[in-house]
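Here is a short briefing on one structure. Keep the sequence and the 3D view open while reading.

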Amino acid sequence: MTDSTRTDYLDLDTKDETFLDATELVLNMGPQHPSTHGVLRVILKLDGEKVLGTECVIGYLHRGVEKIAENRTYAMFNPYVDRMDYVAAVSNGLGYCEAVEKLLSVEAPPRAQYLRVILTELCRIASHQVWLGTHALDIGAITPLFYCFRDREEVLKIFEKYCGARLTTHAFRIGGCIYEAYEGFEQDCKKFCDAFLPKLDEYEELLTTNRIWVERTKGVGILNPEDCIALGVTGPVLRASGVKWDLRKAQPYESYKDFDFEIPTGLHGDTYDRYLVRIEEMRQAVRIIRQAVDGLPQGPIMAKVPKVIKPPVGEVYHSIEAPKGELGYFIVSDASTQPYRIRVRPPSFVNLQALDKMVRGLLVADVVAVIGTLDIVLGEVDR
Amino acid sequence: MKLNPLLRKIFLVDLVKGLKVTFHYQPPSEAITEQYPLERPVIFERFRGQPRLNVNPDTGESLCIVCNLCALACPEQLIVVKGERNPATKRKEVVSWTYDLSRCMFCGLCEEACSTDALELTQDYEMALYTREGMVLDQAALERGQEPEKYAK
């Protein structure tokens, strides 16, 4: 073989159409990937390590919850909502029960409202602990995961003592709560609050000034307030961008107007700010729990609700501030025992659409950090 | 504590600081791992586990009055109750009672619906079986409840 034949064979000047542009690479991340927090598939368009664009493929965990609702009575559908955002089941239940209560125009008695606030704030702490543990694990810190899950156990114990289940709690019923606070509930909550604050400092000690953590999160996945509002992003992701919007203050539901608490906001809208906002939210949740436990009124826990729930014809939208953002329920009633249609506005699903905006121009490793910081739960994205 | 970075390195200050955290969690009182199955977890009273049909302890008769409320309350429609009126006592008596545990999500709605406290979700939680057929519990299985598993070292 002569030299001339070799150059003929490797003709680099004419472009072969069957091959992709060698500088661009399309990569599938997931659906089976530990740092996509479930079965999320992200199609990444890469230039080397740099992300040029993303596309999310969802639906791997679709169970048709909204369709199931059309074949169940209002009370029967209550346990199913726990299975959407399964790390914050109590918040889901609260949103659903309140939406149906609004449709029936009944209000839960004060004691039930306080109990609901205590449990949803505990649930907010538990949800943020799962977020912190897994998010830190994605970035490479293993210790926070063990610390968070160790302390989350205390919350789950309170849930189990109160309503009999740790994860899919089914804690509230339409019209109030069915379970009275057990013996020692107040003490348990106070004990948890007292023990949790030093532990929160411990998490901060591990991460806030940790050089690797700061390098990996500061300036990563920046979202400015205008983009947040345009994309419909809510929850800690929105507040970290500096928009002071919290439904607990903006449209107070339950007994939130009775409590004194702050809404933490960030300045830069990057991953580090979102981390700080969520940590501060846990502190504020402890503050709310303490106030609610101290002011827990006596009285009934269930409003007068007919045994067979038949709301009048109409439609209602009610949203609450779930740990991940605005969780809304839109219910259409045709005056039968079953809802005509239920549409859920899940915070994770809406927040996930900010992913593309956030990761453009970043590296592949940052995609993992950004998915972690959005705090998505695929059970809620797909429903 | 401000120290010269070189001195910090020589005296291994950071290592000692890190190990202090590690050894802080060494005492047995800090251990949170449960040695299941040798050590049984504490199950609280309201836990919703294996269903049981209660019987009157004095007479051994079933407390179920075949009102069918549990079957109507169940979101998964996994309870099937069939009964017949006994002409002698004029009471409805159970003919067949099945509970499909494989579809149960332990929401507790059946327990709440029961007017005589006959159906109860107990604190038993070891419900694993080798077959799906075995998960359809009949009246006898529901009344007998779970046989506690004995573990030996």
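**A covered helix, a helix pair and a chain contact**

Helix α15 of chain A, residues 364-374, is mostly covered, with nine of its 11 residues buried. The model is predicted.

**Helix α15 of chain A**
- Just after α15(A) comes A:Asp375, whose phi is positive, at about 55°.

**Two loop residues with positive phi**
- A:Ser105 is not a glycine, yet its phi is positive, near 45°.
- A:Ser105 sits in the chain A loop that runs between α4 (89-104) and α5 (110-139).
- Is A:Ser105 buried or exposed? A:Ser105 is exposed, because 10 other C-beta atoms lie within 10 Å and the cut-off for exposed is 12 or fewer.
- A:His170 is also a residue other than glycine with a positive phi, near 50°.
- The loop that holds A:His170 lies between α6 (143-163) and β4 (172-173) of chain A.
- A:His170 is buried, because 24 other C-beta atoms lie within 10 Å and 20 or more count as buried.

**Helices α5 and α12 of chain A**
- The axis of α5(A) comes within 9 Å of the axis of α12(A), residues 271-294, and the two cross at roughly 155°.
- Angles over 145 degrees count as roughly antiparallel, so α5(A) is roughly antiparallel to α12(A).
- The crossing of α5(A) and α12(A) is left-handed.
- On the α5(A) side, the contact is made by A:Tyr114, A:Val117, A:Ile118, A:Glu121, A:Leu122, A:Arg124, A:Ile125, A:His128 and A:Trp131.
- On the α12(A) side, the contact is made by A:Arg278, A:Glu281, A:Met282, A:Ala285, A:Ile288, A:Ile289, A:Ala292 and A:Val293.
- Sorted by class, the contact of α5(A) with α12(A) has 12 nonpolar residues, four charged and one polar.

**Contact between chains A and B**
- Chain A brings 13 residues into contact with 12 residues of chain B.
- Which elements give two or more residues to the chain A side? They are α3 (74-81) and α6 of chain A.
- The largest share of that side comes from α6(A), with four residues.
- The chain A side that touches chain B divides into six nonpolar, four charged and three polar residues.

Methods. Residues numbered from 1 in each chain as written. Chains lettered and ligands numbered in written order. Predicted model: local features only at pLDDT ≥ 70, side-chain atom pairs only at ≥ 80, totals over all residues. Axes fitted to C-alpha atoms, helices over the stretch in contact; angles between N-to-C directions. Parallel < 35°, antiparallel > 145°, perpendicular 65-115°, else oblique. Left-handed = near helix turned anticlockwise from the far one by under 90°. Contact = placed C-beta atoms within 7 Å. Nonpolar A, V, L, I, M, F, W, Y, C, P; charged D, E, K, R; others polar.
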